[in-house]
Amino acid sequence: MIKATIHKALNTAVGSMKLNVQLSIESGQLVTLYGPSGVGKTSILRIIAGLLSADSGQIEVDGVFWLDHEKKIDFSPQQRKIGYVFQDYALFPNMTVRENLEFALEKGQDKNIIEELISIVALDELQNRKPNTLSGGQQQRVALARALVRKPKVLLLDEPLSALDIKMRSKLQDYILKVHREYKLTTILVSHDIGEIIKMSDKVYCLEDGKVTKVGDSLSVFTDNRLSGKFQFTGEVINIESEDVVFIVTVLIGNNVVRVIAQESEIVDLAIGDKVIVASKAFNPVLLKV
Amino acid sequence: MIDWAPIILTTKLALVTTIVLLIISIPLAYWLAYSKSRIKPIVETLVSMPLVLPPTVLGFYLLMAFSPGNSFGSWLQDVFGIRLIFSFSGLVIGSVIYSLPFMVGPIQSGLSGLPNSLQEASYVLGKSKLKTLFSVLLPNIKPSLLTGLVLAFAHTVGEFGVVLMIGGNIPEKTKVVSIAIYDEVEALNYSNANMYSLLLFIITFIILLFVYLINGGYLKRFWK
Amino acid sequence: MNVFSGHISDIQISKNLSMVSVQIDERIELKTILVETPNTASYLKKGSAVDVLFKETEVIISKGDPSFISIQNKIPAVIKKCDSGVLLSKILLNTAIGDIVAIVTTEILNALVLKENEEVIVMIKANEIMLSK
C-alpha cells in the first residue's frame, strides 16, 4: 500500500506550476499516471524515488514513512528500495549486461536472482554484450531486469516504452506484466498511450497542470459513455476509405489490424492517428480454435 | 654531451605533479560538476586563473608566500621544518597549482557530459555516492581522465616561469629541462640547448599523439 | 450508428445475462440482451437514462406482415430516401422515434422494389443493440 501526498512548485518550460497530488495505491496494483507532457508525471515518480525533493508532503509505503515533511523524515534514494526504469534506460555503458545486473546486487545477496531475471526477460544470449550494442527493446529489458535485482516491492516505470516500435512495445508490455505478477510488485507507470494503459493498468490517474483530474479503472476513465459492448478494444485509426455509401475505417489494435464499416456521421470528427474504441456485442464474434 | 639530470628531474616532477593533481582534481571536478553552491563561480574562476595569468605572477606570489621571511613560510619552517622555496616539494606545489585547470577541466566536462540518469540509477540501486563515482562515473569518462592526465603531464614538462621563480636553478634539485635550455643558451652552448629542446619536442609530440590516437579510437580500430 | 435516448423500463436477469427494455417514447420500447447485470454495470437501473445504439448494417426491413419473424424489436416506418451504391444502399427511414438509417445490399433493394414513401417495418435483433450511458 502506497499513500502519497505531494506538494511541489515546479519550473517547467512553459512557466511555473504547482504539483499537488494525492495517490493511494493498493499493494500489487499496476497504476498509470496519464496526461500531456509537462504536467508533472515524471516529477511524481522522481519524488517517490527520492531523486527530487518535495516542498512538503508525505509518502507512506507499507506503513513506513519514506517522507514526512513535518517530522523531517526524508529517506535517501538508496534507503527507499525501489526499482526505477528510466526513460533513457540509464544502463552503465562500462559494464556488460550481466555486470549491470550484478552491480545492483546488495551485499551478501543470493546471486541466483541474476540467472532468474536473465531468463525471465530472455537475455541469455546477450548477457556478455555491452549496452550500446543492443537495440532499444533489448536495453529496455536489461533496465527492467536490473531494476528488479534488489527485489523491490515498488517498481517505477517512466515512459519505458515510448521509444519503441509498436511490435516491440506490445512484447515489452507482456514482460512488464509478467514481472509485475511474478514478483507481486506495486507498479507505477507513466504512459501516454491509452491502449497500453487499458491493457496494463488496474487504475489510472489523469493529471493536468499538476493536479489529478480523474481517477478510476482505466476503461471507465477513457470511455466517457459507458458502453455495454463486451467486445471492446482501443486502437488507433490508420486509414479511412470511402466505399459506396459507407466508409471503411482501418484500426490498429495492438499489432492487429481490423477494419470496421462506418457511416459518414461517425467519421466526420475522426482523423488518422485518433484513438478509438472498437466495440461490438459479445454475441457477434465467432471463435475458431487454431 | 648533455647532462641527464634535468631530464630525470623533469620527468620526476611531471609524474609526481600528475599523480597529486589526479588525487585532488577528482573531488574538485566532482564538486564543480554537481554542486549548486553560490561560491562555485568563484572556485571555477580561481581554478582557471593559471590559464591566463603569466606563470611569473603565480611564481612570484608563491615565492612570497613560501619565503621564510614571511609569516606563512617561517611557520612552515618552524613547525614542520619544511622549506618550500628552492626545493623539489615547492616545485611540485607550484606545478600542481599551475597545471590544475588542465586536469580539472577535462574531468569536470566529462562528468557534466554524462547523463544524470546514470548517477540516479546507481543511487536507486542502493549504491553510495563514492561507489557511484568509482564504479559508474569515472569508468565512463576514461577519455576525459586520459586527456587530463596527459595534458597535466605535458604542461608540467613545459613549464618555465613558475619553476624559475620558486625553484631557482639548483642542479639535480630544481634545474628542470626548460631551465637547462635557458642556461645553455645563456652560456652560448647552442648544440646542448638544441639537444634538450629536441628531446622535449619529441617527448611532448609522442605523448600528445598517443592521446589523440586513443581518444580518437584510432588504436582500437587498428587492433581490430 | 443509430442512436436513440430513452429510459430503462424493465430488467430481467438470469445469471450473467440481462434483458433490458428501454422506453424510447410512449409507444415504442426497444429490448436488448446484454452480458451484464446491475452488479457489473451500475447504469442498469430501472428509470435510468441510457442511449440505445445499433449499427445501420444490422437494421432489417420488411415489406409485409413481420409477425412470424423471430426478431424482437419491430418499428413501423416510412421510407424517406434511398441512396443506391454499387453493392450497398443506404435507406433513410422515418419512424415515430426519429430517423433510422439502414444499409442493405443494392440487390435486395431492387428485388423488393423499395421506394420512397413506402410503409415498411424496421426490425432490429435484441442482441444487436448496445446500451451506452
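## Contacts and overall form of chain A

In chain A, 66% of the contacts with a separation of 6 or more are made by residues 24 or more positions apart. The structure shown above is a predicted model, and the description that follows should be read with that in mind.

Chain A contains nine helices and 15 strands. Of the 290 residues in this chain, 37% are buried. Along the principal axes, the C-alpha atoms of chain A fill a box of roughly 70 × 45 × 35 Å. The radius of gyration of chain A is 21 Å, which agrees with the value near 19 Å that a compact globule would have with 290 residues.

## Two packed helices in chain B

Two packed helices are described by the angle between their axes and by the distance between those axes. In chain B, helix α3 (residues 55-66) packs with helix α5 (residues 88-113) at an angle of about 140°, and their axes are 11 Å apart. Because of this angle, α3(B) is oblique to α5(B); a pair of helices would count as roughly antiparallel at an angle over 145 degrees. The crossing of α3(B) and α5(B) is right-handed.

Which residues of the two helices meet? On the side of α3(B) they are B:P55, B:L58, B:G59, B:L62 and B:F66, and in α5(B) they are B:G90, B:G94, B:I97 and B:Y98. Sorted by class, the contact of α3(B) with α5(B) has six nonpolar residues and three polar ones, with no charged residues.

## Where chain B touches chain A

Between these two chains, 15 residues of chain B are in contact with 17 residues of chain A. On the side of chain B that touches chain A, the elements that give two or more residues are α6 (116-124) and α7 (129-137) of chain B. The largest share of that side, six residues, comes from α6(B). When the residues on the side of chain B that touches chain A are divided by class, eight are nonpolar, five are polar and two are charged.

## How the chains are arranged

Which chains share the most contacts? There are two pairs of chains in contact, and of these, chains A and C share the most. Chain B and chain C, in contrast, do not touch, and their nearest C-alpha atoms are 41 Å apart.

Definitions and conventions:
Residues are numbered from 1 along each chain as its sequence is written. Chains are lettered from A and ligands numbered from 1 in the order in which they are written. This is a predicted model: local features need pLDDT of at least 70, side-chain atom pairs count only at pLDDT 80 or more; totals for chains, interfaces and linings use all residues. Helices (H or I, at least four residues) and strands (E, at least two) are DSSP runs, numbered from the N terminus. The radius of gyration is taken over C-alpha atoms; the globule rule is 2.2 Å times the number of residues to the power 0.38. A residue is buried if 20 or more other C-beta atoms lie within 10 Å of its own, exposed if 12 or fewer, and partly exposed in between; C-beta atoms are placed from the backbone. Two residues are in contact if their C-beta atoms, placed from the backbone, lie within 7 Å. Axes are lines fitted to C-alpha atoms, for helices over the stretch in contact, and angles run from 0 to 180 degrees between N-to-C directions. Angles under 35 degrees count as roughly parallel, over 145 as roughly antiparallel, 65 to 115 as roughly perpendicular and the rest as oblique. A crossing is left-handed if the near helix is turned anticlockwise from the far one by less than a right angle, and right-handed if clockwise. Ala, Val, Leu, Ile, Met, Phe, Trp, Tyr, Cys and Pro count as nonpolar, Asp, Glu, Lys and Arg as charged, and the others, Gly among them, as polar.
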